[in-house]
Each structure stands twice: as structure tokens, then as C-alpha cells.
Amino acid sequence: MRRFNAKDKKVTFPVALVVSRFNEEVTSKLLEGAHARLQELGFDEGQITVVDVPGAVEIPLALQRLAGLKEFDALIALGAVIRGETSHYDYVCNLVSQGCQEISLQFKLPVIFGVLTTENEEQAFDRCGGKHGHKGKDAVDAACEMVALLRSL
Ligand code: INI
């Protein structure tokens with residue numbers, strides 16, 4: 001049997017994070033945690049690019065542009081879609097999730113989905129440094145694992 005597992009491989013590489021401003025109290029925490037984790041893992045600032053977009057719907061286009069530059073080994077999408085009272089939620093979730101997946105497959109590049117999709121703000125805060133961990137940090141770990149995995153496959 002051959003098995004590939006890159007979970008604990010140490011790698012650093014050029015990475016870009018696309019961060020949406022909608023629900024900024026949450027997305028700024030996602031970015032803060034992601035950046036702290038990158039630093040912990042030994043990335044230097046020159047390897048890290050951050051691009052701000054207005055909302056989650058705009059994330060895929062920015063990812064597509066970045067992927068086309070061929071400068072990055074992984075891209076990370078950070079955003080927060082919170083249901084609140086509107087059916088807009090479902091459209092936004094579908095557009096951003098499908099868009100991220102399309103870019104990943106189109107460019108054969110890890111595109112990590114660090115976009116929270118929650119019923120309310122409390123659930124969102126629980127997931128960016130609260131009782132349900134930190135999805136910004138997790139996104140960085142997933143990016144590292146996927147880059148190392150693709151290098152080994
Ligand atoms: N964008 C988000 O990132 N999160 C949301 O919760 C959200 N809601 O609920 O509407 C949201 N909407 C804006 C959207 O992403 C676009 O920026 C906008 O529609 C312009 O294209």
C-alpha cells in the first residue's frame with residue numbers, strides 16, 4: 001500500500017489571503033489568527049499577500065486573478081456569511097463556495113475555504129477564537145498540508 005499524508009510536514013511558500021470586509025468584526029479576527037499562525041510556522045512577511053474585497057461574493061474573482069499570476073502555492077479565502085433575516089444568505093454561500101472550488105480545480109491550486117457560514121454572530125465569534133476554535137488558523141494549517149501533499153504526490 002502507498003499512502004500519502006502530509007499533515008505534519010513543515011513547509012513555507014508564497015501564499016495569498018483574500019479577506020472580505022462584510023462582517024468585518026469577524027473577518028478581521030479570521031485574518032489576525034491566520035497571520036499569527038503563518039508567523040508561528042515560520043513564514044516571512046514577504047511570502048504573505050493580503051487582498052481585501054467588499055463581500056464574500058467578490059472573493060472568487062480576486063482568487064482567480066491571484067491564481068493567474070502563478071506566484072502563489074496556495075490561496076486562502078476568509079469571510080463571514082451570517083444568515084440573519086435574509087434569503088440572500090443562501091445565494092452568497094453558494095456563490096462563494098462554488099467559486100472557490102472552481103478556481104482550485106481550474107488552476108490546480110489549493111484554495112482553502114476559510115469562510116464562515118453561520119446562523120448568527122455568536123456562532124461566528126465562537127469560530128474565530130471562541131469555544132469552537134479558530135477557522136483562520138485552521139485554514140493556514142490546511143493550506144500547508146495541501147501544499148506539502150501536492151508536492152509529494
Ligand atoms: N457578504 C458577506 O461576506 N457576508 C454576508 O453575510 C453577506 N450578506 O449577508 O448579505 C454578504 N453580502 C454581500 C455580498 O457578498 C456582496 O458583497 C454584495 O452582494 C455585492 O456583490
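Colleague: What should I know about the model before we start?
Modeller: The model is predicted, with local features needing pLDDT of at least 70 and side-chain atom pairs counting only at pLDDT 80 or more, while totals for chains, interfaces and linings use all residues. Residues are numbered from 1 along each chain as its sequence is written, and side-chain values use heavy atoms, without hydrogens and water.

Colleague: Which residues surround the ligand?
Modeller: Ser-20, Phe-22, Asn-23, Gly-55, Ala-56, Val-57, Glu-58, Ala-80, Val-81, Ile-82 and His-88 surround the ligand, each having a heavy atom within 4 Å of it.

Colleague: Which strand gives the most to that shell?
Modeller: Strand β3 (residues 74-82) does, with three residues; strands are DSSP runs of E, at least two residues.

Colleague: Which backbone atoms lie by ligand oxygens?
Modeller: A ligand oxygen is 2.9 Å from a polar backbone atom of Ala-56, and a ligand oxygen is 3.1 Å from one of Ile-82.

Colleague: How much of the ligand does the protein bury?
Modeller: The protein buries 77% of the 460 Å² that the ligand exposes when taken alone, by the Shrake-Rupley method with a 1.4 Å probe.

Colleague: Changing topic, what lines the second largest pocket?
Modeller: Its lining includes Lys-7, Asp-8, Arg-37 and Glu-145. A pocket is an open set of points on a 1 Å grid over the protein atoms alone, where a 1.4 Å probe fits, with protein on both sides within 12 Å along at least five of seven lines; lining residues have an atom within 4 Å of a point.

Notes:
Polar contact = N/O pair within 3.5 Å; in protein donor to acceptor, adjacent residues only side chain to side chain. Helix = DSSP H or I, 4+ residues; strand = E, 2+ residues; numbered from the N terminus.
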